[in-house]
Structure formats: structure tokens, C-alpha cells
Amino acid sequence: MGKSLQIAIYGKGGIGKSTIAANISAALAANGRRVLQVGCDPKHDSTRLLLRGQTPPTVLDYIRDMPPDNYSIDDIIMTGEFGVDCAEAGGPEPGIGCAGRGILTTFDLLDKLGVTDRGYDVIIYDVLGDVVCGGFAVPIRNEYSDRVYIITSGEFMSLYAANNILRGLANYETDRPRVGGIIFNARGGDYEEQRVFRFAEAVCLPIVETIPRDDTFALSERAFRCLVAEFSDSDLAKHFYSLAETVLTGLLYSARPVTDEELELKILSTPIAGNGKVFESDLRLGIEAVKDIASSASDSDPTSTASNTAAPTPLLSKSLVYKEPLHGCAFNGAISITTQLTDCVSIAHGPKSCAHIAFQAITSISRRLLLERGIVLPMQTAPPIVSTDMSESVMIFGGASMLEQRIRDLQKVGPPAIFVISTCPSGIIGEDILATAALSTSTTQVIPIATDGNLTGDHLQGVFLGYQHIAEALIDRDVTPEPDLVNIVAEKTIAESTTGNLNFIKEILERLDLRLNCRFICESSYEQIRGFMRAPINLLANGDYMGTALRDYLEQSFGAHFFEKAFPIGFADSSEWVRNLAALYNRPEAAELIIEDYAKRYQAMVNRLRPQLSGRRLMVITFNHDIDWILSTAIDVGMEIGFVGILNYSQDHGFNTEYSDQIGELNTNLDYTAMTRLDDVMRIQPDVLIGNYLPSGSLKVPVTDTIQLCPDVGFLAGIQMSARWAEMLRLNIGEGWRQDADLYRKYHS
Amino acid sequence: MPIYTASTIPDSLTGAIFAIEGVADAAVVLNGPTGCKFYHSAISDSQFPRNVDYDPLSFADRCFFGQPRVPATYLDSDDYIFGSQVKLAEVLSAVATRGYGLIVVINSPGAALIGDDLKRLLADTIKDTPYFAIESTGFSGDFGVGFQTAVNRMLDELALPEAPRDLKSVNLLGISLNQKYFENNYATLRELLALCGIQVISAFGATDSLHTITQSRKAALNVVVCPESGLSTARKLKHDWGTDYLLPDQGQPIGFISTTAFIEQVCLALDADPQPAISEVERARSFAYLHLSRYSSLLGLPQGAYYSIRAQASAAYPLALWLSGYLGMIPAAIEVIEGEDGGLAGRLTDYLATIESTEVVDKPVAETPTEIIFADGDTITASRLVGQRAACIEIGYPALSYLDITRKQLYGPEGSLFLLEQIMNGLRYV
């Protein structure tokens, strides 16, 4: 299947571009072309005449209402006259929101849904009036338009808009000219024709077709049809058949806008003598015409330049799938991953605050660890982040050149890869960061990740984007696997338990005579990631939503093999994990030695704790969705599990337990409140209450304790926690401070 | 691995949020995504806690996300296209029931680009609480610019009536939640000036309530403690209220020398007697002498030890004056954090010229060999990363996260002794 020829048709609002675009589409289809027309105007009426007055559901309404994992291209495309497929971007009510952002979002979705792979010969984008911002300029980006046609009348504002469109196009023009010419839609004013021809001469473009003013258009519109369908044998229809051929094969020109002064003084204000048409014959003499590469390669078949690279299926965060409020932003999530590459650098393309917030999130643990333990974590201490510090003027005029300069400056330092990650503001104004990939050199790869802040999703979505972009760009699929090597996948990059957990796993690997190849991705070098496939087996660090999605992706996209279970938490889980891992390598004796060592310690602690904890009632209220390590330990020490309450958590879903028959009450009510918790505590009367955050004064419970969101792994995780409860119960010590909330209110409120 | 960025500084968005969150009974509603909310909520609550307990279930309304501060509209891509008005109305309705004295809607950088009519939305939704909206805090602007944008708007909206001047009273300008020990620094200045018969009426955005702020027009003088976050407000109030302002010529009252200068200049402007406060400084100096004389005798220090500073000019200048002019230490690197400093950066450079040390300006503190570093937590950890073993004293944010419970300050005689104590405990093995 070949690549579709993409044509953008621009013109000032109300100039008749939708009518002309629809008729071009109809004429192309009538001549046997497979055509998609995409309306890019918030009022979403571009395809009305092709659909006999109907309107397809707009892409933006669809995105708003449909979970992303249910998206289907067929839901947003309707088929009209001559089999022309029709889609409408839609947009906000006038004066509200950002219609330009809507265009960006529409193109992004059409891309993701593979619209160019549906076998269209031609895709026509019908785009609103002026190039008012980066969003409306999307259709003239290199990747979206092979050809651009501008519709204008001789009216001042129409020509002014046409010139602005050329300005926008000039900003995006790189290696090849893409302007097909001007379509003159006559309105019939004084000297109109001369003004348009003079404009065409000034900007060195041909007038590829003149559409006369004619009531036949109104008649066909009254019939809710385009003219080519309603009056197919008319002279006017011939204009469109001719135009349809021109847009496929006509010459292409560079965008050469004139200044406002030239436009006003020489074209619009100067009295015009004679017949403007004399300019038309001379027009091509002074312009640099270049045959379009695609159309010269295949004059009659624009679909012959095939490119069939399949993009990886994007992973979707839980918040996106379930249409939940977004927790954090994708920019922050992606940069938390890319900064784990020890020899690469990440550019935050946005205002200073975005880089600052990301930097502080990453360094927070490092600062605490230095203070408390004197430990320096390399990647969390000075994460390799450089901000472009987008300013007010960049928001208005764009920051492409500034970004390019920043990349070139960093390339002098010589990192093997530079990641360019976009923020909300750069996404909203339509910065084309994907173009920065072209700045890659033989020594430094430039890898853009268009997170657009939270426009693509939440923190977890950014984590996925970071992982996927790194995997696709770096992993060498051709390295030879080596036995006894393992990778670790999906460690938490910002968690206090990460280092300790790694140490535990390293101990086990060493005792099983296995070696660590690569941590995907935690304090890893560019070369280590490249050599990812050297390890035949991957160990999943976290079995939560993030970990399992990443595992599935690496399995499907790279054929990676994963060990069956994530890092184990608690004695039972750890025993099984070590035993099964050792069995994979046929080293059962080594596993039993490890388990025996830990079993002695575990059992000794159980025996010690039982007198204090046996018969005590445990209550758990937590965001953690895997708590069997707590429950199994509690059961081992003889506790009664009175109540388990599971709260909704943006990072995980799918609570499950092997101990449901030993839980007095299980509440997975997602709308748990402070009041319902208080009622439950009063009713359950627990001896031990554990959770992620618990208030100090209002809950009268002998022992309260905190569960880490990212718990420690290993044999002793649960028992060490319960040892603290036992000590507190045994000693019957008090926490007098919990009575002092009223004192605070007395002296400080 | 090269250090691309040793430390970052907050910008005008954070400045505006902290200005309002620094008012005891005001609340920011962030019209923006949670990516902008979580950080500001966490820092506001840790710097200036206003709730007795930390319990996410007490803030179960969707807009709070379990955090007690800076509720937000949690914008997503749909809202950037279709506008934020529906969510904003929902969030304002929830926030309006919590009894705040002032609600300020602040647009995130992304929301600022879509131009929702915040004023109309606020008028439609909030009936009994004063409010206003800041459509844009600027993009990558200085912290102080955002801080003063919010303070100035707040003072405009409060529309304080003209009041008779109390000739021995001042407001303190530029103290913010972004300053290390800001609350105790503020308290120290109140106490020192009180000794001189001068009442501090208010410090905008530094824990005072709206009621206290409404008294501020009585002040005879606005003292610009940190010009980076206060000079613009001082100029505005000179224009709007006719209140004179003073920018102490040695910056913040850090170290004995600049504390003395600060007191003398404020007292001179108000015709007050500086001596009681100066006596406090002298007592502290005498105590310092007791320790310094032994320390110097035993170790020959602190004179000759190298120091580095990363701070705003209004803190770096007095600190350098004190370290080099009082303790005889030698500058190794000084990074001045940007901001409108009222000429203090220039004075710092002039001073360094007098001790033939201008070359230290803009040297990277984390990487320049030295013996003691005065900086924020990120710069300190970065210095460790590159192998420096210098003693480190935190004078800015982000902090290393030490939980300060007992009173500590950088300002005044006690602040000077606190710094001296850390210096003397950090240089023993030089």
C-alpha cells in the first residue's frame, strides 16, 4: 500500500474553501481516486455537501467521550458522494478554549489510528482561514502536506490571509517547495481580478484555477450536494475536474510572502490599470519551479511512494483508559525515565517551572539520603536536564530556532543521545519537536518525545512514552544472547526502596550464579540499553499496572522473555520466587540454601512475635493493591484480619488476594472518606491499623503504622513491619503527643 | 557525567502561588493540571502548615487530590481545547465552602494560553468570598516577579482605605515561603525593631492573615528586606499609597555587619533609637568572640578558609561582607541567583574588587574547590557528586529536608551565631 498524497487547502474563513475542497474531493473520487477529506474548522461543516447535509461525529468530541483503548477509525469517518470518506476535527465554541490545539489533537489521533494506511490516494485537509497559531499550521507541516493550495478572492482580508498563510508555510519549508498555487474564487468586486493577479505575481505563484461567481453553487447547496455531484455536466464542474488533475500533478513552488507594506501599498492600494491577466503568462518565467518528487516519480499514481513502517502500539496509562483525572503530567513521567540514562541529556522544552518541578521531584530523595545517610545517588543528584526556559515571546513567535541552538550546543558536549521532551505550553502552541530528530549526528542521536506536558496523559503515560521511545531508538535487536545474564525491568526511579531492593535481588542473583546485564531503565548507560537483548531472561521489578504493561510491550515488540513473577515481597512470595527462578536455571540446591537461611530468621521472628500479636485484630486501609505480603505475615503470627479497605490509586488496579477467606471484611469501595473510615474503625476496634497516611488525633487505635507505596522486597518485608507492632503492644508504650491537637489549635489557630 | 544543571530555581508561577499560600487565610485555586499542582501543594504545606493533621481523606474532593493545599482544576487535553470553565466552576464551588478569606485563581502556563474568562466564572460561582484571578504569571519569569504580581494584585483587590500613619511602624517586603527559615527571620526582625520602638505591621505573603495585611497602610515605611521579591511592591505602594520605602544598602540582615546596618538605616529613616537592638548584636558579637578567640588560637581559623555562596544578591552580598570582612575568609566561588536586586549584585562585585576577588563571580559553586559552601540543598548534593568534601551550610531552598523544629534563623544576632556555629563546626579539619 502506498503513501497517500496529502493536500492542504487554506483560505480565509467564509471564502468558500469548504465548497471548493468538497468539489475537488468529489471530482477526484469521480475519476476513480480514493479520497479522504478532513475538515479542520471548529464549525465542522467542511464535508456537509459530500454527506448530503449530514455531519460525522467530530474527532474532538469523540476523543472527549471515548476511552482511548476503544478508539476506532471507523467511528469518526463517514462515506459520502462518490465514496469520499469524510472526517471533521470539530472544536470548541467560539471564544472558548483553543481551536488550534484541537487541530493538533485531531492530527495526532488520525496518525495513531493509521489513517494514512487506509489506502487513500489523496487526503485533503480543509483548513480554516489564517495561520493564527501553531495548531492551525499543523496541516502545513512537512509530514502532513505534500501540497498546499490557497484559496482567495480579491478582497483585502482574503489576500491578507493568503499572504499570512504563505508566511506560515515559509516557516515550515525545509528541503522542498510545497505550494501548488492560488485558487481564485471570484466574488466580483471592482478590480478584483487585477488585485489577485498582482498578488500572485508578487508572491511568485500561479493561479491554478479561477472559479467564477455563479448561482449554480447556491442551487447545489440547497440540495445539500456539491456541484460536481448535482450538476455533473455543467461547465463549472469542468473547472473542478481540471483542478482535480492539477492538484495531483501540478508544479510546486516555494512560499515567498510579501511584507505587509508591500501588500498594502503595491497590491491593495495602488490603482490598477489594464487587464491583470497579462501577468499570468509571465508568471512562471521568474519563479523557481520544482517538480514535486512524489508526483514526478508517479505522475498518475500518487500512492506509489510506499512507506510502511509500523509504529509500536502505544501503551496507555490507567487514568487514560478509565478516563480518570490525570495524576501528574506525561512530561514529568518521561523525563523521570530519560534522566536515568547516565550519559545522555534531556531537554525540557518549556517554561522554567516545568524543568524545576521535574528536577525537584527527581532530586528530593537524593537530598534526603545525603542528609540522613551520607549517600550520593548519581542520577538523582544532578539529573541531566536542560531547560529551554520558554518565555512570553517564544509562546507567541515559537521556539524552534532556540531549541535547535540548544541541541547544537549540547551536541558539543557529546552525549550519545539527547532527548527533547515537550511541555503543555510547547504542545499548545504547536511546537514541532518531532522535527528535531533531523538534527541527529553520527555521534549524537536526537530523540524527540512529544509528551506535550499532560496533553498526552498523566505521569504514568509519560513513563510509558519514555520507555517506548528509548526502547525503539536504542535497543539493538541483533545482539547475541548470553546465558546466565538477566535484565531488571520497571524499577521505580523515584522511590526510597529502589536501592535496597536492588541490593536484595543482587544478593539472590549472586547466590544463583546469575549476572545482571541491564536495568531497564535505572542508572543505565546508552550502551547498556543497546545491549538489552543480551539477557535471555528479564526480571520484572514491579507487578503493578506499569510493570505488567511494560512487560507485555517488551514481549510483543522485542520478543523479550520474562520470568513469571515480579520481585517478591514477603516470605511466602520470596520463597516461591527464588525456587522458581533457580529451577529455570536448574539450580535447585542453591535456591534451597537461600530459602533455608531466610526461613530460620523468619521463623525465629514469627516465634518471637506470636505472643504479642496472636489474636490481635488488624485493619488495613491502603492505596496499595498488593498487600498479601502483609496479610500472610499477619496470619503467620496469628493475627485476625478484621478489615481490609482498598483505595483507588492512579498507578494500579486489580486488587487481588489469596487470603480473602481469612479477611473479616473486604471493602474495595473507591469513594472511601474520612467519615466512613472513622465509622469503620469504631466498629472494627482494631489493635493495629495500617495505611499509607493516617491522621493523628481522631482515630483511637493502640498501634498505627504506615505502608510504603513502594514497599521493600524480600523475605523479611512483612515480618519486619509486624515486629514494630509487636514491640509497641508488648511494651504498652504511649504516644502522649497524639492528645495535643487541641493544644495546637489553642495556641496557633 | 558532566553536570548540566546543578540546581534549579522556581519561576514566576511558583512566586505567585507562594505569595497567596503565604497568607494565613487565603487559598490558591490552580487552574491547571495536577503536574503543576502536586509540587506547589507539597511545598506550601511543608513551609507553612495550616492544618493540624495530614490526612488525605480529609481532602477527598477531587480537586485537592488528598493534599490540603492548592486545589486544582486538573486540566487535561480536552480542557485545553474546549475550555476549563466547567471544571473551574466545580472546583470553585467545592473550595468556596471551606471558609477561606480570599480565593485566588491562578492559571498554569498552559491554561494561560487558552484565555478562559476567569473573572466571569468567578463572579458566577463565588458569592460570599473575596476573589480575583491572575490570568498569567508570565513564562519563565523570576520568582520575585510572580510573587509581587500576586501581592500587588492582592493589595489592589483589598482596596485598603487610607489610614493615619503610625510614625514608628513598618511593613517588611520580600520575605516569602521560598526563603530558608522565613518565618523565624520575620519574627527576628519584629523583635529587633520592637526593641527600637518600631512596630512591624505586616509582611505580605509571609504568614500574616488578611486582617493583618489590611492594617498595612498605617505603616510609615516599607522596608525592602529582599528586593528580588519586594522592590516592585515598594515602588507600587510609594505610588499608590505615598508610603516611602527603604532598601537597606547591605541587603538582608545576615551577619553582624549587615544586621547592624539594617537596624541603623531603618531607625534613621523613622527617627528611632537603634541602640537597644545594636546592644543585642553586640552581646552576640561578644559571645562569638569568646568562641572565635579559642578556635582561632587552636586552629588558626576561620581566617583564610575558602568559602562559596550560591544565593540571591541580597543574601550573597551581606554574607560575603561578613565572611570576608569579619571572619577573614576567602571567597572561592559566588553564584548570584537572578532577580531585581536593587543594585546589590553590583555592590557585591564592587566589594569583591576591594579584596581582589572579582574572578570568583559566576564560578560554579558545586564544582569549584572550596572549604565551606553556603547554598541550597541541590547545590550541596551536586558538590558531593563531583567529589567535593567541603562543609555545607543550607541557606536556601530546596533544602536537604532536615526537619527544623526548634527556632532557627539567618537574620539578626541569633542568625549570625547560628551561621557561626555551623562554620566553626565545619572547618575543624581544613
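These legends describe close-up views of a predicted model. Local features need pLDDT of at least 70 and side-chain atom pairs count only at pLDDT 80 or more, while totals for chains, interfaces and linings use all residues. Residues are numbered from 1 along each chain as its sequence is written, with chains lettered from A in the order in which they are written.

**View 1. Overall dimensions of chain B.** The C-alpha atoms fill a box of roughly 70 × 60 × 40 Å along the principal axes. Chain B has a radius of gyration (over C-alpha atoms) of 22 Å, which agrees with the value near 22 Å for a compact globule of 430 residues. That rule is 2.2 Å times the number of residues to the power 0.38. Of the 430 residues, 58% count as buried (20 or more other C-beta atoms within 10 Å of the residue's own, C-beta atoms being placed from the backbone).

**View 2. The largest nonpolar core.** A nonpolar core joins buried Ala, Val, Leu, Ile, Met, Phe, Trp, Tyr and Cys residues through C-beta atoms within 7 Å. This one has 236 residues. A:A26 and B:A316 have the most contacts inside it; contact means C-beta atoms, placed from the backbone, within 7 Å. B:A316 touches B:I309, B:A311, B:I334, B:V336 and B:L348, not counting residues up to four places away in sequence. Apart from this core lies another, of 111 residues, including A:A348 and B:F38.

**View 3. Helices α11 and α16 of chain B.** Helices are DSSP runs (H or I, at least four residues), numbered from the N terminus. The axes of α11 (residues 255–270) and α16 (residues 412–426) come within 9 Å. These axes, lines fitted to C-alpha atoms over the stretch in contact, with angles from 0 to 180 degrees between N-to-C directions, cross at roughly 170°. α11(B) and α16(B) are therefore roughly antiparallel (angles over 145 degrees). B:G255, B:F256 and B:T259 of α11(B) meet B:G412, B:P413 and B:S416 of α16(B).

Note on methods
Buried ≥ 20, exposed ≤ 12 C-beta atoms within 10 Å, placed from the backbone. Contact = placed C-beta atoms within 7 Å. Helix = DSSP H or I, 4+ residues; strand = E, 2+ residues; numbered from the N terminus. Parallel < 35°, antiparallel > 145°, perpendicular 65-115°, else oblique.
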